[in-house]
Structures are given as C-alpha cells and as structure tokens.
Amino acid sequence: ENAALTDISAVLENMSGDEVEEDWVFLVDWYAKSKHPPPSGYLAWKGRLYGELHPDFSGLFAEPATAEFQLGEVVWGGVAKDGIPSLDYLEQVPISEVRGYTPKDAVFGVSINGEHKAYPLRVMDWHEMANDVVGGVPIALSYCTLCGSAIVYRTDHPVQDEPLVFGSSGLLYRSNKLMFDRKTNTVWNQLTGRPVMGPLVGKVDQLEVFPVVITTKEAWTAQHPDSTILPIDTGFFRDYSSGAAYGEYFARDTVLFPVGEIDDRLSAKEQVYALEIEGATKAYPIKTFAQEPIINDEIDGTAVVLVAASSEVNVHGYSYQLEYITYSVGGEIRAFERGDQTFSLSADGLIVDETGAVWDISEEGLLNPNGEMLDRLGGHVSFWFGWQSFFPETAVYGSGE
C-alpha cells in the first residue's frame, strides 16, 4: 500500500509540478482542486475496483453520469451498500405516549398537509434514511451525519410509476453521503437531490424539497400534540443512547473524509441554514440567529423572512457549549416568503409586520389576522463544507455577499 501511494504521488507530482503528500485524503482533495477529468473507461474500472470491496458496489457505477460530478472523488465510506439500514415505512406512535426519549431530545419535525411526524436524531444517527408517507405524500428524510444535513425529499415522480425507496450506498462524495434508489439503482447526491450515476440521470432533474425543522421533542409536542414519532424500538439492535453513534464527530471541528476545496468565508463545520430558490442559493450562519431571530432578506430578487425560536436541546449526549452547535440545533429555524412585508419582534415576542399586525407561524406559512398566508420555504441545516461543495456560488448572509 505504501509503495502504491509513493508511485501515485510521483505521477501526480509530475502532472502538477507540486509536492504531493503520501496520504489518501490529501490525494483526493488535491484531485478535487485540480479538476482533472477522469480518463475514458474510468467509471467501469471503478465499478470493478469497488466490486472487490463488496459485490453490490459494482452495480452503482453505471453510465450515464453527470458531468458536474468528479467521479475520482467518490470514495468508500467504510460500510457496505445498505450497511447503514434505512427505516422503511416504520409505524410511528403518538408522541404523547412514546417511551424511551427525554423532553430535550432533538427531533427532526416534518409537517405535510396537516400531518405531523417526528424523527429523533439519536435514532436517525444510526439509520440516516427514513422512507415514509406524511400527509399522503411519499417522502424520504435523508440525513447525512457527516455533513450535518437532514433534507426531506418527495419521492414520487412523473417518470416513475411508484415512489422511489432510498437507501445509503456506502459511498461518499466530498464527505457527503450518496444515496441510491432501490428500483433503478441510480445513485443520488444527498445534498442536492440530483441523480449523479445511473438510469435516471437526464430523466430526473432534482427531487422536490419539503421543509424540516430541528427542535426538541418537548417543543414539537407542545406545538403538535397530535404528532407521531419513531419508536425507539425500531426492530434493529443499536445503541440509541445519546452520543453513541456520532457524538465525538459532532463535538470536534475536524472532518473524517476528503471534502475538496473549502471556501474560507466560514469554517468547514460551521453550521448554516441553507436555502435554494429557483437556482439561487444563500447560507445563513446559525450563530447569526442568536442576535437576529428574525431576518428579512432577499435571494436573487425573492423576498424572504427567516424566523428562529430558541430551545435548549440535548444532542448526541456531548458537551455542546460551543455556541454554533448549541444554537443550531435549538434554533427551530423556518423560512417563508415575505412578499412586500417587513417583519420584526414586538416587545412581547410576537411577530409583527411594519403596520403592527400580528402574524402567526404555522408549518405551512405565516398567517395574518385576515387569513393571508405567506408560504413556507424548504430550507435545512448543513455544515458549511457540505453546502459550499455543491453550491460554490452561494451567497453568505452578513459576509458582504
């Protein structure tokens, strides 16, 4: 292995004129920055190579592949295909009756068409994917623990006669998990919702995103007493105690896998609330909400408002005294269209517009006394390195943009 790395380093030094370290993470990051296209036949070769790790991998490296995807940066995450088992249509229980969780446990809250469901982080840490139906809509809650992003995707699509069911491929790209659908074996980018290798490339552009909020079980129960929640008895044998899976990773500033080139506007693992509106993107550093719980802004001409409510959250059982971690999981951030309104907090903590009219938050939108509603937007939390890897042109709130 060391001899092979020495030979590879020598070749790369000849190609680049730079000194290349004999370290695989460095080599993959160097390749990402070099932007060298892979040679002809690379995809099939890589499929055979990864097939030696596990036979199921070979079928994931299939043409066509997206041109925007650097195939040389696809790396093994240390587990087999479906080695991180998804939770598929697991029956939930009433949140007011569930046992095994604490009031301060963090949950992902999802609301669609008046139905509310909660997915505890310490369960999702072990599974990273929940295929479900919420409010009659088939969805996948895809959670990448490495890049800190949980995104809800709609899984039915006009090109398919039934909803797609997703799993974790065991492969990574820039420390972002690659998911796959079990019907076509297409590989998808978890953070963008786009197919990157396989039969659906060119047939499906991007999966529709639904909003998701991170809050406490206690707060979610108070807001939605009729909500259901994943039971702690999932049918799998796992240690679902806080911090058992990724606690140490979340408590450190370091990453585990190659992430490519990091935009230095923020630190790699600073958490941001990320929004994409018709191709325009913007990242809001989570720590900003501690000073600005309501942010009135524009994204490429679209007026938006972001609203955060603070909650104390116990996540992963580790010391989250770091401000950016503590607030990010307790921010309960929601984003909405704001039309021609400008919002602020009144002295008694109510959301008011410039006329003083009070607006109420619902999971669907902001509501005023006249019944007018401003629609909710599908944002989510992510580590900075994950978001900027796929949206390098993203604006950053407060950075001069």
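What is the volume of the largest pocket? I looked this up before anything else.

**Entry: the model.** I note that this is a predicted model, in which local features need pLDDT of at least 70, side-chain atom pairs count only at pLDDT 80 or more, and totals for chains, interfaces and linings use all residues. Residues are numbered from 1 along each chain as its sequence is written, and side-chain values use heavy atoms, with hydrogens and water left out.

**Entry: the largest pocket.** I read a volume of about 810 Å³ for the largest pocket. A pocket is an open set of points on a 1 Å grid over the protein atoms alone, where a 1.4 Å probe fits, with protein on both sides within 12 Å along at least five of seven lines; lining residues have an atom within 4 Å of a point. The volume is the space filled by probe spheres set on the points, which are joined across faces, edges and corners. I find 23 lining residues, and I8, V28, Y42, W45 and G72 lie nearest the centre. Two or more residues of this lining come from each of α1 (2–16), α2 (24–34), α3 (42–53) and β1 (74–76). Helices (H or I, at least four residues) and strands (E, at least two) are DSSP runs, numbered from the N terminus. By class, I record 19 nonpolar, two polar and two charged residues in the lining of the largest pocket. Ala, Val, Leu, Ile, Met, Phe, Trp, Tyr, Cys and Pro count as nonpolar, Asp, Glu, Lys and Arg as charged, and the others, Gly among them, as polar.

**Entry: the second largest pocket.** I read a volume of about 530 Å³ here. Its lining holds 27 residues, with E208, V209, F210, L377 and G378 nearest the centre. Strand β25 gives the most to this lining, namely four residues. I record 14 nonpolar, six polar and seven charged residues in the lining of the second largest pocket.

**Entry: aromatic rings.** I searched the whole structure and found 15 aromatic pairs. Rings of Phe, Tyr and Trp (its six-membered ring) pair if their centres lie within 6.5 Å; planes under 30 degrees apart count as stacked, over 60 as edge-to-face and the rest as tilted. F108 and Y143 form an edge-to-face pair, 4.9 Å centre to centre with 65 degrees between the planes. Both F108 and Y143 are buried, that is, under 20% relative accessible area with a 1.4 Å probe, protein chains only. I also note that ring pairs join Y246, Y249, F250, F383 and F385 into a cluster.

Conventions
Buried means under 20% relative accessible area, exposed over 50%, partly exposed in between (1.4 Å probe, protein chains only).
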